Structure formats: structure tokens, C-alpha cells
Amino acid sequence: MNKKRSLLPDCAEAGYCCDKKQYDEASFLEKIKMLLHLAICKPCRKYASNNTKLTKLIEKSNLKPCPEEEKKMWKETIEKEISK
Amino acid sequence: MSINKIDPTKWVDKYSDYLFNYTIARVNDRELANDIISETFLAGLKSMKNFKGEASERTWLISILKRKIIDQYRKVNSNKGRAEVKINYKEDSNEGDWLEEQAPDRFDKTAEDIMENEELGLAILNCMENLTKKQAKIFKMKTIDDVDTDTICNEFNITPSNLWVIIHRARTTLAQCLEKNWFQNE
């Protein structure tokens with residue numbers, strides 16, 4: 001049972017591998033397992049395809065992180081102004 | 001029509017990423033963008049009583065931000081006469097470098113592309129509003145700030161598998177939202 005499960009992962013595990021792959025954190029084995037699952041599971045293929053699209057869109061959008069220290073400063077300024 | 005409420009204590013958490021990316025696309029200078037956003041929040045606080053609740057809080061803040069950005073453009077323009085032209089390619093030390101320095105931006109990247117990417121970024125941030133606060137924060141750290149898994153786990157005191165569950169939920173929600181609004185264009 002255990003062995004079978006490790007060879008053919010379920011949707012949850014395939015999804016987990018697929019997410020890790022988006023951040024280049026999936027191991028070789030995880031990638032193989034995911035591909036095995038995708039070969040037999042249409043909904044997961046759809047998820048994987050959308051997930052990859054999402055990664056590409058985020059890259060393309062070139063979103064910039066707003067610096068945390070600025071956020072903190074703005075919060076303080078706003079609070080100070082309100083309490084005036 | 002529902003009346004939108006205003007709550008300045010939540011502005012930074014809810015809108016700063018959106019405002020920041022909106023501004024940086026227009027002024028292309030971090031420091032300046034920070035100043036403009038700071039001014040926007042202050043102006044927002046001052047004119048809060050004029051907020052009628054007809055538009056969303058964010059739309060209202062963006063309209064203030066737009067005015068601040070235009071003010072900035074005007075300031076830059078009025079300084080134009082005093083602009084300094086620097087030509088230092090004659091210096092011996094960097095002779096030969098000028099070709100590279102003078103190279104134009106990529107030809108294949110048109111203004112339209114840049115605008116589309118900016119809209120896309122704002123669309124993604126828009127969709128992120130469907131996430132819970134924790135999901136959004138962790139997703140942003142992992143995806144946009146590129147913080148590694150261990151650091152995030154330590155900060156939020158969660159296990160890596162917790163983290164991946166959160167990421168999975170966030171990605172599913174975002175993909176669904178973007179599918180409605182964006183994927184069909186691709």
C-alpha cells in the first residue's frame with residue numbers, strides 16, 4: 001500500500017509538488033511523481049497548467065515589493081495624525 | 001448601492017502594495033514613490049470627511065495619488081529650464097564604454113507591453129484582495145519578495161507543510177481570479 005502510494009501520488013501530493021516546482025523547490029523524484037499523476041488526472045493537468053501560467057504572469061508583471069519599513073512608517077504617521 | 005466605509009488604520013495593510021506599484025510604474029524612483037504615497041495618505045486623512053462612500057476606498061485613494069503624481073510631473077517640468085546636460089564620455093577612463101551606456105531599451109518592448117505588464121501587476125494585486133491576510137502576507141513574501149521557505153516558517157512559526165498548504169490555497173484562489181480576468185487574453 002505504502003509503496004503503491006509513493007509511486008502514484010494522489011491529487012493533493014501532485015498539487016504540492018506542482019506548487020513547489022513553481023519555486024524551483026521540487027526534487028527530481030517529486031517532479032517525476034507529479035508527471036506520473038498528471039498523465040492520469042485531467043483536473044490536476046488543468047491545475048498544473050493554470051499554476052504555471054500564474055507563475056509566468058507574476059514574472060511578467062514585474063511586481064515590486066513595497067518595503068516593510070516604509071509601511072511601518074506610514075502606519076505610524078497615520079496613527080499619529082488620527083490621534084491628533 | 002452599498003456605501004463604502006473608510007478606515008485609515010487599515011490603509012497601509014490593504015492598499016500600500018497597490019499604491020506602491022501604481023506609483024513606481026509612473027515615477028520610476030523608489031524614494032520619490034515613497035514620498036508621494038506618504039503625501040497621499042496624509043491628504044487622504046485631511047479630506048476623509050469628503051469621502052462620500054460612492055467609490056471604493058482604494059479608488060478614492062488612487063484618485064488622490066493620481067493628483068500627487070501629476071503635481072510631481074509639474075514640479076519636474078518647471079525645473080526643466082535648469083536641466084544640466086552632462087556629457088562625460090570624453091573622459092579617458094571610460095572611453096569606449098559609451099556605446100553600452102547609450103544603448104537603448106529593448107526594441108521589442110513597446111510602451112504597450114509595459115502598460116500591459118503594469119495593468120497585469122495591478123490585476124494580480126487586485127486578486128490578492130480575495131486572500132486572507134495571512135495567505136496574502138505569506139504568498140507575497142514567498143513569491144514577490146523571494147524570501148526562502150525556512151525564514152517564512154520561522155517568522156510565522158509554521159511548518160513547511162503548513163506553508164505549502166497556505167501557498168496552495170493562495171495560488172488556487174489567485175489562478176481562479178485571474179482566469180476570470182486575465183488568462184483568456186493569453
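A residue counts as buried when its relative accessible area is under 20%. By that cut-off Cys177(B), at 11% relative accessibility, is buried, and Cys127(B), with a relative accessible area of 2%, is buried as well. The model is a predicted one, and the values reported here are computed from it.

Over all chains the structure holds one disulfide, and this bond links Cys127(B) with Cys177(B) at an S to S distance of 2.0 Å. The link between Cys127(B) and Cys177(B) is left-handed, with -75° about the S-S bond. Because Cys127(B) belongs to helix 5 (residues 111-128) of chain B and Cys177(B) to helix 8 (residues 160-181) of chain B, the pair ties together parts that lie 50 residues apart in sequence.

In chain A, Cys41(A) takes part in no disulfide, and the nearest cysteine sulfur, which belongs to Cys44(A), is 3.6 Å away. Cys44(A) is likewise in no disulfide, its nearest cysteine sulfur being that of Cys41(A) at 3.6 Å.

| Residue | Relative accessible area | Class |
|---|---|---|
| Cys127(B) | 2% | buried |
| Cys177(B) | 11% | buried |
| Cys41(A) | 10% | buried |
| Cys44(A) | 11% | buried |

Technical notes: Residues numbered from 1 in each chain as written. Chains lettered and ligands numbered in written order. Predicted model: local features only at pLDDT ≥ 70, side-chain atom pairs only at ≥ 80, totals over all residues. Heavy atoms only, no water. Disulfide = S-S within 2.5 Å. Helix = DSSP H or I, 4+ residues; strand = E, 2+ residues; numbered from the N terminus. Buried < 20%, exposed > 50% of the residue type's maximum accessible area, 1.4 Å probe, protein only.
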